[in-house]
Amino acid sequence: MADVANHRTPRTGSEPSTAELVQRATEQVSRLVRDELALARAELTQKGRHAGIGIGLFGGGGALALYGLGALVAAAILLLALVLPAWAAALIVAVVLFLIAGVLALVGKKQVSQAVPPMPEATVRSVRADVDTVAAAVKDRGRA
């Protein structure tokens, strides 16, 4: 039977105290957090390894593509050399490549200029509008 004056319930010998239960729960939560962090660390390590290998393979593919592009440029020069002197063929291919590079640079410059300044202007306007709304509401409450 419960001791109403002392707010205690009778305890059998096999039931742990509240302090013991809290201690066990704390230990279990701590162990769970440590285990989850260890699992996350292992998973991120594995994913990082895969990403590193993938980036290396991607870079190798890019380097080989660059060599392939060089071979295509040489083939274009040799093809033009069949009808023109070799120096003229190389000059024509070089001028075409410089023209393409210039167009790409201008398009890239335009894209970069659209990204500057890197401040989220729409968000800044929205936050300012929110601040103005809250300030007006506070003023209205102060008058009431």
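Q: Which residues of α2 are buried?
A: Buried means under 20% relative accessible area, exposed over 50%, and partly exposed in between (1.4 Å probe, protein chains only). In α2, A88, A89 and V93 are buried. Their cover includes α1 (18-80), where contact means heavy atoms within 4.5 Å.

Q: What kind of model is this?
A: This is a predicted model, where local features need pLDDT of at least 70 and side-chain atom pairs count only at pLDDT 80 or more, while totals for chains, interfaces and linings use all residues. Residues are numbered from 1 along each chain as its sequence is written, and side-chain values use heavy atoms, with hydrogens and water left out.

Q: How many helices and strands does the chain have?
A: Elements are DSSP runs numbered from the N terminus: helices are H or I of at least four residues, strands E of at least two. This chain has three helices and zero strands. Buried residues make up 2% of its 144 residues.

Q: Where is confidence lowest, and where highest?
A: pLDDT is the predictor's confidence in each residue, from 0 to 100. Helix α3 (residues 121-143) is lowest, at a mean of 79. Helix α2 is highest, at 93. Over residues 1-5 the pLDDT is below 50, and this stretch has five contacts in the model beyond near neighbours in sequence. The chain mean is 85, with 89% of residues at 70 or more.

Q: Which residues make the nonpolar surface patch?
A: Patch residues have over 30% relative accessible area and no salt bridge; like charges are joined within 9 Å, nonpolar side chains (Val, Leu, Ile, Met, Phe, Trp, Tyr) within 5 Å. Here L79, L82, V83, L84, I92, V96, I100 and L104 make a patch of about 800 Å². Helix α2 gives the largest share, four residues. L82 sits in the loop between α1 and α2. L82 is exposed, at 71% relative accessible area.

Q: Which side chains meet in a salt bridge?
A: Side chains of opposite charge can pair when their charged atoms come close. The rule asks for a side-chain nitrogen of Lys or Arg within 4 Å of a carboxyl oxygen of Asp or Glu. The count is one salt bridge. E43 and K47 form it, at 3.5 Å from N to O. Both lie in helix α1, four residues apart, about one turn of the helix. E43 is partly exposed, at 39% relative accessible area.

Note on methods
Accessible areas come from the Shrake-Rupley method with a 1.4 Å probe; for residues, only the protein chains shown count as cover.
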